[in-house]
Amino acid sequence: IFLSVFKTLGVKNAICKIGKITAFYCSVALSRYYYYLDFLIKHSHKYEYVLISDVRDVVFQSNPFEKLPEDLNLLFALENKNIHLENDASNSRWLNNLYGNEIMQKIGANIISCSGTTIGSTNGIMHYLEIMVAEIIKQGSKFPGSFGYDQGIHNYLLYTCAFSNYDFIKNEEDFILTMVTLPKENIIEKDGLIYNKKNEVVSILHQYNWHPQLKLKVLENL
C-alpha cells in the first residue's frame, strides 16, 4: 500500500500523507517530526534558518543563529565525547531494538548525536525531516508509545550516511551544550552563565536540569 502511495503522490507528498497517519499512533517524540515538516512545507518561505529543539529541558543564553557558518546546511549536536552509542544503556537499547546487533556493531563506536537540538538552513532541515519521517514510517510502529526511539533513528541515519553536507556541534567547544552525561566539573559557570572551553557564552543549554546545583542559577539569569 505504501509503495503505491509513493508512486501515485511522489515522495514528498507521500511522506506527508503517510506521516500524518503515522503521527496518530506514535509517541510525541516520534510524531513531532511529521509536524515539524508539515509546518515548514507551509511556511518555509518565511525562514532562512531553522532550529528544531526539545522544550522542557532547553534554555537559551544567547541567539544561536548569530553563530552559524555561512555555508551551513545541517549541524548535528554531539553529546559527551567520552561516551559512545555502544556504551550508553539507553542509546544502545534504542539502536539494538530498532536495527539489531549488526548495525550496533557497525556504528556503535560513534559519539552520540543528540536528536533534541538540530539546526540548519531551512532546506537542510526540511531534507533532514523528510528522511526522518520516512524512516519513522518504517520503524515507528514497533514502539508506538516509547520515549527516545527518535534518537535511535536519528543516529542510525546519521552514521549510515543518509545525510550530506553537514557538520557537528562539538560538546563543550561550540554553542550548544548537551549536559545529561557531562560531569559537573566540566561545566564552566560564571555569574550564572555557562561558558564553553573557548570562553564563549553557550547559546543553548540542553538537559541543564540534570545538574540541580546549576539549575536555579541558570533560570535566575534568563
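Helix α4, which spans residues 89-107 of this predicted model, has 19 residues, yet its end C-alpha atoms are only 15 Å apart, short of the 27 Å that a straight helix would reach at 1.5 Å a residue (the expected span being 1.5 Å times one less than the number of residues). A kink of about 125° is centred on Tyr99 in α4, where the bend at a residue is the angle between axes fitted to the seven residues ending there and the seven starting there. Helices (H or I, at least four residues) and strands (E, at least two) are DSSP runs, numbered from the N terminus.

Tyr99 is itself buried (under 20% relative accessible area, with a 1.4 Å probe and protein chains only), and other buried residues of α4 include Trp94, Leu95, Leu98 and Ile103. The buried residues of this helix pack against α5 (122-139) and α6 (149-159), contact meaning heavy atoms within 4.5 Å.

Strand β4 (residues 113-121) is largely enclosed by the rest of the structure, because nine of its nine residues are buried. Strand β1 (residues 49-53) runs antiparallel to β4 and is joined to it by five bridges, with Ser53 opposite Thr117; two strands pair if DSSP finds at least two bridges between them. Five bridges likewise join β3 (residues 74-78) to β4 in an antiparallel arrangement, and here Leu75 stands opposite Ile119.

Residues are numbered from 1 along each chain as its sequence is written, and side-chain values use heavy atoms, with hydrogens and water left out. As the model is predicted, local features need pLDDT of at least 70 and side-chain atom pairs count only at pLDDT 80 or more, whereas totals for chains, interfaces and linings use all residues.

Conventions:
Buried means under 20% relative accessible area, exposed over 50%, partly exposed in between (1.4 Å probe, protein chains only).
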